[in-house]
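Here is a short briefing to keep beside you while you look through the fold. Take a moment with the sequence and the structure, then read on.

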Amino acid sequence: MTKKTTPIQIEEDKTLDLALRPETWDEYIGQEKVKKNVKIMIQASEKRGEAAPEHMLFYGNSGLGKTTLAYLIGRETGRSVRVTSGPAIKKTGELAAILTNLTEGDILFIDEIHRLNKVCEEIIYPVMEEFSLNLVVGNGPMARTVDLNIPRFTLIGATTQLALLSGPLRNRFGASFRLEPYNQNDIEKIIERSASLLDIKITKESIKMIASRSRFTPRVANRLLKRVRDLAQVEDQDKITPEIAEKTFSNLNIDEMGLESGDINILETLIEKFNGGPAGIGALAAASDERKDTILEIYEPYLVQIGFIRRTSRGRVLTDKAYNHLKK
């Protein structure tokens, strides 16, 4: 019988994630250009005596540190960070409640901002530009417009799909920053830091093994580290060794490139159903029994990054590198 995840276990996992979150710029490994430019914006704003820096937009694949950056900016500037997401804001009243509860200098972080509905998006335009919230109260002939002043704050938006963000909203951010996939060396540093914070003994070779399977993403690297630690504890090992790491990856069906069953399914579907491609995203989703947005947001970015899939005008095509990896 499958053991259910309890609320306590979920809370413990959240606590671990918070414990691993960097608290200073020096602890935030990688994304050097982004960090440099964000710090310049903050320092310039402080020298001008402004209550809050300009609005910022972070975009890039999931797990690269967009939320962490928002919290870090708040910590480094001594400001409160209010967190929400585009899908969570369904009505204009909900958005108005969030905005009117902000205090001067606050940071409002909206994750998945590309999923903010159109009405809420249009309401937020004057808020971002003039810090003025324009609301229509009442219906029909009794309707009237109410203008509310909003304290100066910084909106930080995060998205994995920049193309889905409307031009008018995108242009209202003071700066947009793309978070790039990490390299092997930076991921190893992140794993080493996380292991130290979690009081885990681990060999250098094990760190390299986890890093190579992390999809060059800190969130995945930390998740794999915790799963390898679990097996080491269950087998009463006081140190994570390559043997423990390899056994964990085998149990999780993760290969040496970090590919999981979902990734393999996409690749094998391209081979078996489309003779390697090209295949349109709709056809690929139907044939692989996956949602289009799951392929676009989770599987495809990494498969394209490592050169296993090419995007063409006619659809997705499998590369020789993928055939060699799958030994097809």
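This is a predicted model: local features need pLDDT of at least 70, side-chain atom pairs count only at pLDDT 80 or more; totals for chains, interfaces and linings use all residues.

The C-alpha trace spans about 70 × 50 × 45 Å along its principal axes. Of the 328 residues, 45% are buried. Among contacts with a separation of 6 or more, 70% join residues 24 or more positions apart.

- Five strands make an open sheet, and reading across it gives the order 2-3-6-1-7 with parallel pairing.
- Strand 2 (81-85) and strand 7 (175-178) are the edge strands; each has a single partner strand, so one side of each has no neighbour in the sheet.
- On average, neighbouring strands here are turned by 20° against each other, direction ignored.
- Helix 2 (residues 32-47) packs on this sheet and touches strand 1 and strand 7, and its direction makes about 160° with that of strand 7.

- How many residues of strand 6 (residues 154-159) are buried? The count is 6 of 6, so to speak a mostly covered strand.- Thr154, Ile156 and Ala158 point one way from strand 6, while Leu155, Gly157 and Thr159 point the other way, and all of them are buried.
- On one side, strand 6 pairs with strand 1 (residues 56-59) in the parallel sense, over 4 bridges.
- Within that pairing, Leu57 stands opposite Gly157, and Tyr59 has Thr159 as its bridge partner.

**Helix 8 and its cover**

- Which residues of helix 8 (residues 204-212) are buried? They are Ser206, Ile207, Met209, Ile210 and Ala211.
- An α-helix has 3.6 residues a turn, so residues three or four places apart point the same way.
- The buried residues of helix 8 are covered by parts that include helix 7, helix 9 and helix 10 (242-252).

**The largest pocket**

- The largest pocket has a volume of about 1200 Å³.
- Its lining has 42 residues, and those nearest the centre are Ser62, Gly63, Leu64, Thr217 and Arg219.
- Six helices each supply at least two lining residues: helix 1 (7-20), helix 3 (66-77), helix 7 (184-197), helix 9 (218-234), helix 11 (261-274) and helix 13 (292-305).
- Which helix gives the most to the lining of the largest pocket? Helix 9 does, with 7 residues.
- By class, this lining divides into 14 nonpolar, 12 polar and 16 charged residues.

**The second largest pocket**

- The second largest pocket has a volume of about 480 Å³.
- A lining of 21 residues surrounds the second largest pocket, with Asn61, Thr160, Gln161, Pro301 and Arg311 nearest its centre.
- Helix 13 gives the most to this lining, with 6 residues.
- The lining of the second largest pocket has 10 nonpolar, 5 polar and 6 charged residues.

**Two residues to look up**

- Gly276 is in the loop between helix 11 and helix 12 (281-288).
- Is Gly276 buried or exposed? Gly276 counts as buried because its relative accessibility is 5%, and the cut-off for buried is under 20%.
- Leaving out residues up to four places away in sequence, Gly276 touches Leu270, Ile271, Arg316, Val317, Leu318 and Tyr323.
- The C-alpha atoms of Gly276 and Asn117 are separated by 37 Å, and the two residues are 159 apart along the chain.
- Tyr125 has its place in helix 5 (residues 118-130).
- Tyr125 counts as buried too, because its relative accessibility is 11% and buried means under 20%.
- With residues up to four places away in sequence left out, Tyr125 touches Lys118, Ser166, Pro168, Leu169 and Arg172.
- One of these contacts, Leu169, is 44 residues from Tyr125 in sequence, yet the two are 7.0 Å apart in space, C-alpha to C-alpha.

Definitions and conventions:
Residues are numbered from 1 along each chain as its sequence is written. Side-chain values use heavy atoms; hydrogens and water are left out. On a 1 Å grid over the protein atoms alone, a cavity is a set of points where a 1.4 Å probe fits but cannot get out, and a pocket is an open set with protein on both sides within 12 Å along at least five of seven lines; lining residues have an atom within 4 Å of a point. Grid points are joined across faces, edges and corners, and a volume is the space filled by probe spheres set on the points. Ala, Val, Leu, Ile, Met, Phe, Trp, Tyr, Cys and Pro count as nonpolar, Asp, Glu, Lys and Arg as charged, and the others, Gly among them, as polar. Buried means under 20% relative accessible area, exposed over 50%, partly exposed in between (1.4 Å probe, protein chains only). Two strands pair if DSSP finds at least two bridges between them. Axes are lines fitted to C-alpha atoms, for helices over the stretch in contact, and angles run from 0 to 180 degrees between N-to-C directions. Contact means heavy atoms within 4.5 Å.
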